[in-house]
Amino acid sequence: MLIRACSPADYPRMAEILNASWPQPVYTPEQMQAQEEASSKDGPGQMQYYVAEQNGQVSGVAFYDQPPRFYQPGKFRTTIAVAPHQRQQGIASALDTHLLSELRRSSAREIWTKLHEAMIPGIHFARARGFREETQIWELLRDISSIDLSPYSSLINKLQQQGIEIHTLQELLQADPGCLQKLYELFAQIGQDLPATEYWHSPTYTEFLGELARRSPAAYFIAHAGESYLGLSYLGQRTIQHPWTIGLTGVSRAERRRGIALALKVRGMAYAQQQGCRFLGTSVDAANQASLALNAKLGFIHQETWLVFSKKLTEVC
């Protein structure tokens with residue numbers, strides 16, 4: 001068995017193996033190449049793909065990265081996948097050993113991985129290799145095709161009477177010269193106030209603009225009172241089956257408990273409806289009771305769970 005760094009020619013086979021290991025296809029060769037290229041120039045994080053090759057054919061994939069949102073110096077996410085018909089042959093163990101060797105050379109102190117609850121062999125493998133469960137992420141889903149959002153009109157009107165309006169980033173970019181700087185400051189504050197289990201890397205302004213460029217300005221909603229920005233919520237696109245998901249929703253510390261977060265989510269749901277979206281999803285840390293309650297109020301239902309495991313590299317495997 002040969003374990004080596006990948007080349008662009010490997011991306012199609014790598015995507016095939018990774019998608020066969022996940023509940024839903026989430027990788028394309030183009031996305032993988034773009035992600036690797038972006039990691040070398042956007043932000044402080046590192047990323048590296050490796051493949052296990054047997055008889056000239058790629059049989060397994062492993063990579064480490066540092067997602068911008070969760071960036072911490074010395075902390076890396078690891079992912080390993082093996083072709084279905086070649087499992088139970090020691091390939092995953094060999095890839096894991098190789099990853100650990102490479103990461104220790106990079107002065108890594110901690111690694112983490114995220115596995116779906118249905119990935120039983122992967123969960124057993126992680127635990128056997130010394131990983132400990134750190135938290136659970138609940139995937140919530142709401143059928144919005146026929147939902148009536150009119151009952152929330154009174155909340156919107158109440159906020160408007162208090163001088164609070166909701167506009168899209170697209171609208172505010174045209175109307176407010178200071179839009180991006182104010183949005184960045186709000187974004188950074190909201191991130192700092194997330195629960196400890198949702199560690200948030202406070203991005204630089206340049207990093208923030210890089211992430212913002214990947215968002216749709218028409219699906220990014222900002223609550224403001226005049227020129228003061230109070231809250232934000234945006235939609236993202238994840239899979240073909242469920243194209244729209246609610247990303248971060250947050251409100252500045254001084255403006256909470258006024259219904260602003262609820263109004264922002266309703267605005268996002270209305271937009272998704274207009275786009276012909278039937279199902280709208282969102283992800284919530286199971287420890288974030290306030291967010292779970294808000295989503296339950298809007299009819300979101302727990303569909304599936306992802307488990308996050310971590311391991312200190314000073315621990316014995």
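Val51 sits across from Val61 of strand β3, in a model that is predicted. The two strands involved, β2 (residues 47–54) and β3, run antiparallel and share eight bridges. From there, here's a quick look at the strands, a pocket and a helix.

**Strands β2, β3 and β4**
- The β2–β3 hairpin has two residues between its strands, and Asn55 there takes a positive phi near 50 degrees.
- β3 also pairs with β4, again in the antiparallel sense, over six bridges.
- Within that part of the sheet, Phe63 has Thr79 in β4 as its bridge partner.
- Strand β3 covers residues 57–65, and eight of its nine residues are buried, so the rest of the structure largely encloses it.

**Second largest pocket**
- This pocket comes in at a volume of about 630 Å³.
- Its lining takes in 26 residues, with Ile80, Ala92, Pro121, Gly122 and Phe125 lying nearest the centre.
- Two or more lining residues come from each of α1 (11–21), β4 (75–82), α3 (91–105), β5 (110–116) and α4 (120–128).
- β4 turns up again here: with five residues, it gives the most to the lining.
- By type, the lining splits into 14 nonpolar, nine polar and three charged residues.

**Helix α9**
- α9 runs over residues 260–274, and at 1.5 Å a residue its 15 residues should span 21 Å; the end C-alpha atoms are 21 Å apart, so the two agree.
- Just past α9, Gly276 has a positive phi of about 80 degrees.

How values were computed
Residues are numbered from 1 along each chain as its sequence is written. This is a predicted model: local features need pLDDT of at least 70, side-chain atom pairs count only at pLDDT 80 or more; totals for chains, interfaces and linings use all residues. Side-chain values use heavy atoms; hydrogens and water are left out. Helices (H or I, at least four residues) and strands (E, at least two) are DSSP runs, numbered from the N terminus. The expected span of a helix is 1.5 Å times one less than its number of residues. On a 1 Å grid over the protein atoms alone, a cavity is a set of points where a 1.4 Å probe fits but cannot get out, and a pocket is an open set with protein on both sides within 12 Å along at least five of seven lines; lining residues have an atom within 4 Å of a point. Grid points are joined across faces, edges and corners, and a volume is the space filled by probe spheres set on the points. Ala, Val, Leu, Ile, Met, Phe, Trp, Tyr, Cys and Pro count as nonpolar, Asp, Glu, Lys and Arg as charged, and the others, Gly among them, as polar. Buried means under 20% relative accessible area, exposed over 50%, partly exposed in between (1.4 Å probe, protein chains only). Two strands pair if DSSP finds at least two bridges between them.
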